[in-house]
Amino acid sequence: MKNNLHVPASPQGKLKSTLALVVLTGLLLTGCGGAKQTATEPAAAATAVSTTLEKATVPGVVGTLLDKATERLEDLGFEVEAVDIVDGKSIVVQKNWQVVTQDPTEGATVDKGSVVKLGVKSLEVLAAEKAAVEKVAADKAAAEAAAAAKAAAEKAAEEQAAAAQAAAEQAARDAAARQVQPAPAAPVPAAPAPAAPAPAPAAPAPAAVYYANCTAARAAGAAPVYAGTPGYGKHLDRDGDGIGCDK
């Protein structure tokens, strides 16, 4: 006869089974949680990056040498992309190139790390362009000077021709006036000069005058009697001063 007695499990066996179940459950939970965490990490990282990007203002570098422009932009956290806009040549020595365009333009606010595209020309090309512009300006100035000189010469010739024509017309008028001018009248003979008047007859010399004394001279109204005048005599001029009967 077979013995069907049930032998109860030992406490140690039950403990092992419980531990195994707990470990299995933990592994399952860990796997699900890890997958979920892995799925959410990129989104969280992207959010963190987007919120921490810094902005910067793009400086103006047009007109500067490429090496200086590159150094300035990179110091501000930008990437630089330079292209030869004339021939598309490769840029080897940056200091031999000059910036002529930039994108973004000066003053734009963009994220740090953005690419700033620079259009450049070699210094050789710029020198040739400058020489061409200067030649055009010089040719234009020379042409304008020549035109001004020609206009001045033409004006002077016109003024000279006008003056010559005016002189010829005046000469013609003068000749015409001489032809119609009447002949001058014969000169009228001058009247004879009046005869000179006959000279007046000479007055007769006065008769000799003699005064016996000063009383007689005074009576005749001749005193005083001066030397050289009629009636003067030494007997009338006692002091010999040339005046008789003065006292």
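**View 1. Lys K121 at 17% relative accessibility, and its partner E129.** At 17% relative accessibility, K121 counts as buried, where buried means under 20% relative accessible area, exposed over 50% and partly exposed in between, with a 1.4 Å probe and protein chains only. The side chain of K121 meets that of E129 in a salt bridge, 3.1 Å from N to O, the term standing for a side-chain nitrogen of Lys or Arg within 4 Å of a carboxyl oxygen of Asp or Glu. E129, for its part, is partly exposed, with a relative accessible area of 33%.

The model is predicted, so that local features need pLDDT of at least 70 and side-chain atom pairs count only at pLDDT 80 or more, while totals for chains, interfaces and linings use all residues. Residues are numbered from 1 along each chain as its sequence is written, and side-chain values use heavy atoms, leaving out hydrogens and water.

**View 2. The salt bridge between K112 and E54.** The closest N and O atoms of K112 and E54 are 3.4 Å apart. This pair links distant parts of the chain, 58 residues apart, with K112 in the loop between β4 (109–111) and β5 (115–122) and E54 in the loop between α1 (11–52) and β1 (55–57); helices (H or I, at least four residues) and strands (E, at least two) are DSSP runs, numbered from the N terminus. K112 is partly exposed, its relative accessible area being 37%.

**View 3. K135 and D139 within helix α3.** Both residues lie in α3 (residues 123–180), four residues apart, which is about one turn of the helix, and the side chains of K135 and D139 form a salt bridge of 3.0 Å, N to O. K135 is exposed at 52% relative accessible area, whereas D139 is partly exposed at 41%.
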